[in-house]
Amino acid sequence: MKTTSRLIGSLLAALLAAVPIQHVAAQESDWKLEPDARIEVQTVSAQTTTRDNDLVIDGEAISLRGQVGLALNSKKTRFRIEADRIEVFRLGNGRDDIARDRFTAAAEFDINKKLELQLQARHFDDMVSVEANDTDEWQGAARVTWEPRRAHRFRLQGTWREREYADGALPETKGEGPRVDAQYRHRFGAYHYLAFDLRAESISSDDPRRGYERQSVGAAYTYPIKPDLRVRPAIEAIRTRFDDRLTINNDRRKDTLVAPEVEVLWWPGKWRVEAEAKYIFVGSNEPVREREGYRLTLSVGYAF
């Protein structure tokens with residue numbers, strides 16, 4: 001898919017949009033240019049069965065991720081561009097490897113001591129989405145963060161997404177739609193949080209099979225065992241309704257997913273070691289879609 005020219009244009013547009021505010025902040029004399037990079041290796045083991053205990057998926061994978069970024073920061077204004085690539089090597093016969101690229105340009109402005117604005121442009125190449133296995137996406141987002149006190153943080157983000165789907169030898173199809181995210185986080189102390197997340201999103205497409213509506217709710221609790229060691233139990237519930245994927249009763253397919261998980265994060269120095277255990281329950285008004293299973297993940301990264 002042709003992405004290079006559009007990518008450069010979107011990244012430049014995101015930065016140029018911030019120029020007027022940058023002039024206002026030009027009185028600040030503490031601008032710093034900060035390059036960074038990160039590498040990460042991740043292993044995944046997953047198994048999914050139907051409610052009758054018939055095996056559906058039993059697989060392992062190893063992924064490699066590399067990220068480079070460049071930040072220009074002052075006391076009240078921050079600009080950043082970054083690019084990362086993930087290569088996923090699926091173990092086992094008949095499983096194809098996949099790769100995904102992501103490019104991001106973002107600008108953050110401290111409106112005052114309690115209010116922050118972020119503008120972001122992002123492009124995904126060859127990602128796996130809800131409705132397709134090979135999706136290119138362009139998105140623009142605006143996020144407002146309000147922190148009246150250090151113990152309370154509220155965030156609201158609106159995102160518009162435009163997608164292109166590869167479909168083998170058939171012509172590419174497109175989709176578009178909004179996503180709205182809201183979060184409240186309560187801070188008990190250093191690295192000690194309780195967060196609640198809400199999300200609503202939809203995609204409309206010229207291919208009716210791709211259209212869907214989705215709502216999700218989640219909660220996560222982060223507890224610091226030591227300054228560099230944290231445990232994070234969480235739970236998420238997701239409801240998805242597809243526009244033109246019908247059940248055997250000719251109803252629109254509706255899926256529900258509930259996923260409790262626990263994650264351990266150990267960040268000694270510049271190392272990032274993270275382990276996650278998740279159990280996933282999927283229900284549907286199409287009985288063959290009902291299933292459950294586990295997903296275990298271990299990742300080791302280093303931030304330069």
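The side chains of Arg-143 and Glu-116 meet in a salt bridge, with N and O 3.4 Å apart, a salt bridge being a side-chain nitrogen of Lys or Arg within 4 Å of a carboxyl oxygen of Asp or Glu. Arg-143 lies in strand β6 (residues 135–149) and Glu-116 in strand β5 (residues 115–127), so the pair ties together parts that are 27 residues apart in sequence. Strands here are DSSP runs of E with at least two residues, and helices are runs of H or I with at least four residues, both numbered from the N terminus.

The model is a predicted one, in which local features need pLDDT of at least 70 and side-chain atom pairs count only at pLDDT 80 or more, while totals for chains, interfaces and linings use all residues. Residues are numbered from 1 along each chain as its sequence is written, and side-chain values use heavy atoms, with hydrogens and water left out.

**Overall composition**

The protein chain has two helices and 14 strands. Of its 304 residues, 36% are buried, where buried means under 20% relative accessible area, exposed means over 50%, and partly exposed lies in between, with a 1.4 Å probe and protein chains only. The accessible surface of the protein chain comes to about 17500 Å², and carbon and sulfur atoms account for 57% of it; such areas come from the Shrake-Rupley method with a 1.4 Å probe, and for residues only the protein chains shown count as cover. Among contacts (heavy atoms within 4.5 Å) between residues at least 6 apart in sequence, 50% join residues at least 24 apart.

**Salt bridges**

The count of salt bridges comes to 29.

| Pair | N to O distance | Accessibility of Arg | Accessibility of Glu or Asp |
|---|---|---|---|
| Arg-143 and Glu-116 | 3.4 Å | Arg-143, 13%, buried | Glu-116, 16%, buried |
| Arg-85 and Glu-87 | 2.8 Å | Arg-85, 36%, partly exposed | Glu-87, 26%, partly exposed |
| Arg-253 and Asp-255 | 2.6 Å | Arg-253, 9%, buried | Asp-255, 11%, buried |

Beyond these pairs, a network of salt bridges links Asp-36, Arg-65, Arg-80, Glu-82, Asp-84, Arg-100 and Arg-102.

**The nonpolar patch and Phe-89**

Val-41, Ile-62, Leu-64, Phe-89 and Leu-91 make a nonpolar surface patch of about 390 Å². Patches are made of residues with over 30% relative accessible area and no salt bridge, like charges being joined within 9 Å and nonpolar side chains (Val, Leu, Ile, Met, Phe, Trp, Tyr) within 5 Å. At least two residues of the nonpolar patch are supplied by each of β2 (55–73) and β3 (77–91). Phe-89 belongs to strand β3, and Phe-89 counts as partly exposed because its relative accessibility is 35%.

**Phe-281 and its surroundings**

Phe-281 has its place in strand β13 (residues 271–284), and with 34% relative accessibility Phe-281 counts as partly exposed. When neighbours within four places in sequence are left aside, Phe-281 is in contact with Thr-256, Leu-257, Val-258, Pro-260, Arg-291 and Glu-292.
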